[in-house]
Amino acid sequence: MEKQNNQLPTTTEIKKSVNLFKTFGDATRYQILSLLYQGSWTVSEITAVMDVSQSAISHQLKTLRQAGLVVGNRDGKFIKYTLADEHIFEIFELVKEHIQE
């Protein structure tokens, strides 16, 4: 492999990247993201599938929103959560590919 560039990421890029990996690194958050990879879910639906308290799910969703991984869209009286963008879907696909090797 040819070396193309010997510059390290900026401090800001490092901090953002590390925070992203930390967010993915929590088992509960990863399970939530896995559900959202399959489609949109409400807090109640996530709670029922994961058998975790609603307040714990809400707390983790807040962390995921702050990290820019999840967005919530109002659907009547409920908020449906989805992955924030196509990049998150791609990350999941790459991880699945990698762990199956």
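Is Glu-101 buried or exposed? Let's start there: Glu-101 is exposed, with a relative accessible area of 77%. Exposed here is over 50% relative accessible area, buried is under 20%, and partly exposed is in between, with a 1.4 Å probe and protein chains only. Glu-101 sits in the segment after helix H5 (86-99).

Quick housekeeping. This is a predicted model, with local features needing pLDDT of at least 70 and side-chain atom pairs counted only at pLDDT 80 or more, while totals for chains, interfaces and linings use all residues. Numbering runs from 1 along each chain as its sequence is written, and side-chain values use heavy atoms, with hydrogens and water left out.

Okay, the overall picture. The protein chain has 5 helices and 2 strands, in the order α-α-α-α-β-β-α from the N terminus. Those are DSSP runs numbered from the N terminus: H or I with at least four residues for helices, E with at least two for strands. The C-alpha trace spans about 55 × 30 × 20 Å along its principal axes. Of the 101 residues, 23% are buried.

Thr-23 counts as buried because its relative accessibility is 8%. Skipping neighbours within four places in sequence, Thr-23 is in contact with Arg-29, Leu-64, Ala-67 and Leu-69; contact means heavy atoms within 4.5 Å. Across the protein chain, take the contacts with a separation of 6 or more: 50% of them join residues 24 or more positions apart.

Now, charges. We've got 11 positive and 12 negative side chains, and the centres of the two sets lie 12 Å apart. Lys and Arg are the positives, Asp and Glu the negatives, with His and the chain ends not counted. Each charge is placed at NZ of Lys, CZ of Arg, CG of Asp or CD of Glu.

The cut-off is a side-chain nitrogen of Lys or Arg within 4 Å of a carboxyl oxygen of Asp or Glu. Glu-45 is partly exposed at 32%, and Lys-80 is partly exposed at 21%.

Last, back to Glu-101. Together with Asp-85, Glu-86, Glu-90, Glu-93 and Glu-97, Glu-101 forms a surface patch of negative charge. For a charge patch, residues need over 30% relative accessible area and no salt bridge, and like charges are joined within 9 Å.

Terms used:
Patch = residues over 30% accessible without salt bridge, like charges linked within 9 Å, V, L, I, M, F, W, Y side chains within 5 Å. Areas by Shrake-Rupley, 256 points an atom, 1.4 Å probe, with all protein chains shown as cover.
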